[in-house]
Amino acid sequence: LRQLQGGDIKNVTHILVDEIHERSVLSDFLLLLLKRLLPQYPSLKVFLMSATLDQNLFSDYFGGIPSVTVEG
């Protein structure tokens with residue numbers, strides 16, 4: 001979070017956030033930071049993962065981003 005807050009992510013290419021359904025103040029803050037940083041870093045790839053994720057909720061939050069479902 002500190003690295004994202006400072007905006008020092010020019011060498012970061014991918015961010016993986018697992019268990020995103022386990023909401024907390026810190027995870028919500030992380031999503032807010034990512035949403036604000038993505039337009040500034042179009043090559044940054046963010047992966048949100050969860051077995052019980054509401055895909056439409058998070059896709060809409062990030063402006064209609066694509067989602068993938070893996071059965072298993």
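Author: Begin with exposure: buried means under 20% relative accessible area, exposed over 50%, and partly exposed in between (1.4 Å probe, protein chains only). F47 counts as partly exposed because its relative accessibility is 40%. This is a predicted model, in which local features need pLDDT of at least 70, side-chain atom pairs count only at pLDDT 80 or more, and totals for chains, interfaces and linings use all residues. Residues are numbered from 1 along each chain as its sequence is written, and side-chain values use heavy atoms, with hydrogens and water left out.

Reader: Which residues form a nonpolar patch with F47?

Author: Patches are made of residues with over 30% relative accessible area and no salt bridge; nonpolar side chains (Val, Leu, Ile, Met, Phe, Trp, Tyr) are joined within 5 Å, like charges within 9 Å. Here L16, F47 and M49 form the patch, with about 290 Å² of accessible area together. Such areas come from the Shrake-Rupley method with a 1.4 Å probe, and for residues only the protein chains shown count as cover.

Reader: How many salt bridges does a search of the whole structure find?

Author: A salt bridge is a side-chain nitrogen of Lys or Arg within 4 Å of a carboxyl oxygen of Asp or Glu. The search finds one: D28 with R23, the closest N and O atoms being 2.7 Å apart. D28 is partly exposed at 31%, while R23 is exposed at 51%.

Reader: How many residues line the largest pocket?

Author: Rolling a probe the size of a water molecule over the atoms shows where empty space is left. On a 1 Å grid over the protein atoms alone, a pocket is an open set of points where a 1.4 Å probe fits, with protein on both sides within 12 Å along at least five of seven lines; lining residues have an atom within 4 Å of a point. The largest pocket is lined by 25 residues, and V46, F47, L48, P66 and S67 lie nearest its centre. Strand 2 gives the most to this lining, with four residues; strands (E, at least two residues) and helices (H or I, at least four) are DSSP runs, numbered from the N terminus. F47 belongs to strand 2, residues 45-48, and P66 to the segment after helix 3. P66 is exposed, with a relative accessible area of 76%.

Reader: What is the phi of E19?

Author: Most residues other than glycine have a negative phi. E19 has a positive phi of about 55° although it is not a glycine. E19 sits in the loop between strand 1 (14-17) and helix 2 (25-37).
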